[in-house]
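Subject: Structure handover

Hi,

Have a look at the model first, then read on.

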Amino acid sequence: MHRQIMLNNNKIILALLREEEEDDQLLMNKKNKKRKPISNLFSTRKSEGFFEKLIKGHLATDSIKFREFFRLNRRQFDFVLSLIKNQIQKTPTMRWHEPITPEEKLAVTLR
C-alpha cells in the first residue's frame, strides 16, 4: 500500500513537472514574438473616444442628459467616484502608458 502511494505521488510529480515545462515553453515562444503595433483605435482614444466625445463633450454640459444616461446626477457620479477611485486607478507602466482613468471606468460600468 505504501509503495502504491509512492508510485502515485511520483506520477503526479512527473505530470506537474511536464506541465510546468510546457508552460515555460509557451512563455518563451510568446516572448520571442514581436509585439503588434498599436492600433489607431487605441491611439486616438484621448481625442476621439467614447468618454471624450460623449461624456466630456455632450453630457458634461447637459445635466438632464447626464442623469438620463447614467441614472445619477453629476454630484452623485462624483461621490461614487470618490469612494472607489483609489481601488480602480492604475499607474502608468511600460505596457500601458495612459491607462483608462477611474472616471472612464466608472462611466463604462454604469452604462
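This is a predicted model: local features need pLDDT of at least 70, side-chain atom pairs count only at pLDDT 80 or more; totals for chains, interfaces and linings use all residues.

A salt bridge here is a side-chain nitrogen of Lys or Arg within 4 Å of a carboxyl oxygen of Asp or Glu.

Together, Arg74, Asp78 and Glu103 make up a network of salt bridges. Is arginine 74 buried, partly exposed or exposed? Its relative accessibility is 33%, so arginine 74 counts as partly exposed. Aspartate 78 is partly exposed as well, at 34%.

The count of salt bridges comes to three. One of them joins lysine 65 and glutamate 68 (3.7 Å, N to O), and these two residues are three apart in helix α5. Lysine 65 is partly exposed, with a relative accessibility of 42%.

Now the overall picture. The chain has seven helices and zero strands, and 14% of its 111 residues count as buried. Its accessible surface is about 10100 Å², with 57% of that belonging to carbon and sulfur atoms.

The largest nonpolar core has ten residues: Phe51, Ile55, Leu59, Phe66, Phe69, Phe70, Phe77, Leu81, Leu106 and Ala107. Helices α4, α5, α6 and α7 each supply at least two residues of this core, and α5 gives the most, with three. Beyond its neighbours within four places in sequence, phenylalanine 66 is in contact with Leu59, Arg71, Leu72, Asn73, Arg74 and Phe77.

Two more spots may interest you. Glutamate 104 sits in helix α7 (residues 102-110) and is buried, with a relative accessible area of 10%. Its side chain makes a polar contact with the side chain of threonine 101 at 3.0 Å. On the surface, Ile13, Leu14 and Leu17 form a nonpolar patch with about 270 Å² of accessible area together. Isoleucine 13 lies in helix α1 (residues 2-32) and is partly exposed at 46%.

Best wishes

Technical notes
Residues are numbered from 1 along each chain as its sequence is written. Side-chain values use heavy atoms; hydrogens and water are left out. Helices (H or I, at least four residues) and strands (E, at least two) are DSSP runs, numbered from the N terminus. Buried means under 20% relative accessible area, exposed over 50%, partly exposed in between (1.4 Å probe, protein chains only). A polar contact is a pair of N or O atoms within 3.5 Å; within protein, one must be able to donate a hydrogen and the other to accept it, and residues adjacent in sequence count only if both atoms are side-chain atoms. Patches are made of residues with over 30% relative accessible area and no salt bridge: like charges are joined within 9 Å, nonpolar side chains (Val, Leu, Ile, Met, Phe, Trp, Tyr) within 5 Å. Accessible areas come from the Shrake-Rupley method with a 1.4 Å probe; for residues, only the protein chains shown count as cover. A nonpolar core is a set of buried Ala, Val, Leu, Ile, Met, Phe, Trp, Tyr and Cys residues joined through side-chain atoms within 4.5 Å. Contact means heavy atoms within 4.5 Å.
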